[in-house]
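Morning, everyone. I'll take salt bridges, then cavities. Here is the model.

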Amino acid sequence: MSQRDLPIIIQGGMGVAVSNWRLARAVSQLGQFGVVSGTALDVVLVRRLQTGDPGGHARRAVAQFPIPGIAERVLDRYFVPGGVGNGERLRSHPMGRLNPSRSLEDLMVLGNFVEIYLAKEGHEGRVGVNLLTKIQAPTIPSLYGAMLAGVDAVLMGAGIPREIPRVLDDLAAGRPAELRLDVKEAARDEVFKLAFDPGAYCGGDPVPVRRPDFYPIISSAVLATMLAKKATGSVEGFIVEGPTAGGHNAPPRGKLRLSDSGEPIYGDKDVADLEQVAAVGLPFWLAGSYAEPERVAEALAAGATGVQVGTAFAYCDESGFSPELKTAVLARSREKSVEVFTDPVASPTGFPFKVVPLEDTMSEQPVYEKRTRVCDLGYLRTAYRIDGDTVGWRCPSEPVGDYLRKGGDEADTVGRKCVCNALLAGIGLGQVQKSGEPELPLITSGDDVARVARFLKPGADSYTAADVVEYLLRDIPRRSSEGPGFGR
Ligand SMILES: Cc1cc2nc3c(=O)[nH]c(=O)nc-3n(C[C@H](O)[C@H](O)[C@H](O)COP(=O)(O)O)c2cc1C
């Protein structure tokens with residue numbers, strides 16, 4: 001694809017299922033780049049099925065899955081016509097591990113297939129999938145599922161995704177793919193690999209799939225240069241994300257210093273050198289408070305192909321946040337009474353995580369303290385060596401005693417939140433724990449949330465993805481058949 005054909009706007013991947021198929025589809029149909037969050041789509045699928053799959057969308061996509069037998073098994077096990085009752089517990093499913101069971105692999109492949117299939121249904125626009133490098137166990141089956149549905153690009157941050165280009169090449173060629181698993185307490189020469197064989201998975205000849213473009217999400221020019229030269233295969237572009245973006249942020253360079261309010265302090269060293277990024281010669285998009293027409297112009301003037309925007313899309317009609325949360329946050333933004341807090345410890349990953357302070361959510365200390373710790377989703381666990389070729393998994397947000405028994409350090413558990421359960425609660429798919437406690441949300445957004453109400457037209461209390469796209473491209477001339485355009 002020539003750079004001239006690349007869209008100016010990438011709607012960022014926002015997990016879990018905030019960037020769902022509806023949002024990505026809406027943005028793609030507008031000629032821009034819609035991105036689905038591929039994180040935890042196995043659990044999203046089984047929970048949507050258990051809540052009755054309103055509209056039948058998941059079942060429509062499942063029916064198109066090209067490998068026989070799997071769709072029926074998953075529907076038999078998880079689909080509940082009419083949905084489970086209010087306050088009823090949702091059925092759990094296995095957590096990720098080094099050698100996942102076939103049924104877990106099926107959910108990871110199918111979950112990603114379904115979301116991409118629906119995002120691409122009925123139009124020719126481009127759709128990407130976003131995964132977090134840190135969450136390793138589901139990565140290869142998730143990529144394969146997305147590729148089975150024809151995903152156009154893979155975007156990955158939260159770590160250095162050096163090995164992903166080779167994984168994409170292998171899957172596209174129908175070869176077995178491997179990914180080195182990071183294992184704490186393992187010796188240097190002990191290598192643990194996550195593996196997936198498309199041929200074996202398809203029970204013979206692998207279903208042919210196309211190699212998507214790969215766009216690492218980075219925060220420095222050094223990483224752009226390194227990945228362009230040293231990744232295991234081709235990289236087609238970059239997202240350069242700054243510390244005001246929603247979700248997880250790269251930690252500040254150097255020693256961590258906190259402000260009086262307890263937030264990480266970022267400085268000049270954390271600003272990527274865009275001349276150096278441009279010198280790599282690949283397309284790039286800038287992310288982190290770029291949802292203004294003037295900032296789009298600034299990005300283009302710096303040599304970027306465009307911008308990646310998250311927060312502005314997170315509160316539009318098509319996003320996956322529950323309607324009550326959107327209404328509450330938009331109301332606060334309108335009153336100019338919302339400001340994100342960059343929490344240095346909330347996320348079990350150890351990366352700073354942006355949190356929107358909101359009552360009845362996990363941002364509030366008393367709400368957090370009331371929750372009984374339980375780890376039943378486990379996406380953010382870290383692998384650790386037990387002995388020989390055995391690995392265990394631990395999460396600093398799990399019950400403290402369990403974490404210590406697994407060799408974890410008590411200091412790491414302080415202030416950690418169960419981001420997995422909280423993010424699912426934020427999209428209306430929260431669990432009710434065995435104790436009867438409902439899981440409550442934790443909302444992440446970029447600094448831009450303070451002003452997100454600017455998208456509300458006078459008298460309106462909601463807006464659409466099209467409103468965001470139109471606003472961002474306000475000053476960009478429309479593409480005509482004769483002359484060069486800007487992805488419009
Ligand atoms: C609710 C929300 C969830 C996000 N989740 C992810 C994620 O799972 N993976 C990721 O790479 N980026 C994530 N992001 C970052 C966005 O993809 C995007 O880069 C960022 O929001 C751009 O900055 P902005 O929020 O100022 O527009 C998230 C952002 C938001 C607002």
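Start with a pair: Lys120 and Asp152 are both buried, where buried means under 20% relative accessible area, exposed over 50%, and partly exposed in between, with a 1.4 Å probe and protein chains only. A word on the source: this is a predicted model, so local features need pLDDT of at least 70, side-chain atom pairs count only at pLDDT 80 or more, and totals for chains, interfaces and linings use all residues. Residues are numbered from 1 along each chain as its sequence is written, and side-chain values use heavy atoms, with hydrogens and water left out.

Back to that pair. Lys120 and Asp152 form a salt bridge, 2.6 Å from N to O. The term means a side-chain nitrogen of Lys or Arg within 4 Å of a carboxyl oxygen of Asp or Glu. Lys120 sits in helix α5, residues 102-120, and Asp152 in the loop between α6 (139-148) and β4 (153-157), so the bridge ties together parts 32 residues apart in sequence. Helices (H or I, at least four residues) and strands (E, at least two) are DSSP runs, numbered from the N terminus.

How many salt bridges does the whole structure hold? The search finds 27.

Next, Glu294 with Arg474. Their closest N and O atoms are 3.4 Å apart. This pair links distant parts of the chain: Glu294 is in helix α11 (residues 293-301), Arg474 in the segment after α17 (465-472), 180 residues apart. Glu294 is partly exposed at 45% relative accessibility. Arg474 is partly exposed too, at 49%.

Lys406 is partly exposed at 24%. Glu398 is buried at 3%. There is also a network: shared partners join Glu163, Arg166, Asp170 and Arg175 through salt bridges.

Now cavities. The structure has three of 30 Å³ or more. A cavity is a set of points, on a 1 Å grid over the protein atoms alone, where a 1.4 Å probe fits but cannot get out; lining residues have an atom within 4 Å of a point. Grid points are joined across faces, edges and corners, and volume is the space filled by probe spheres set on the points.

The largest cavity holds about 110 Å³. Its lining has 14 residues, with Gly38, Thr39, Ala40, Leu131 and Pro138 closest to the centre. α2 (41-50), α5, β3 (127-132) and α6 each give two or more residues to that lining.

The second largest cavity is about 70 Å³. Of its 14 lining residues, Cys375, Cys395, Ser397, Cys418 and Cys420 lie nearest the centre.

Technical notes: 1 Å grid on protein atoms, 1.4 Å probe; cavity = no way out; pocket = protein on both sides within 12 Å on 5 of 7 lines; lining within 4 Å.
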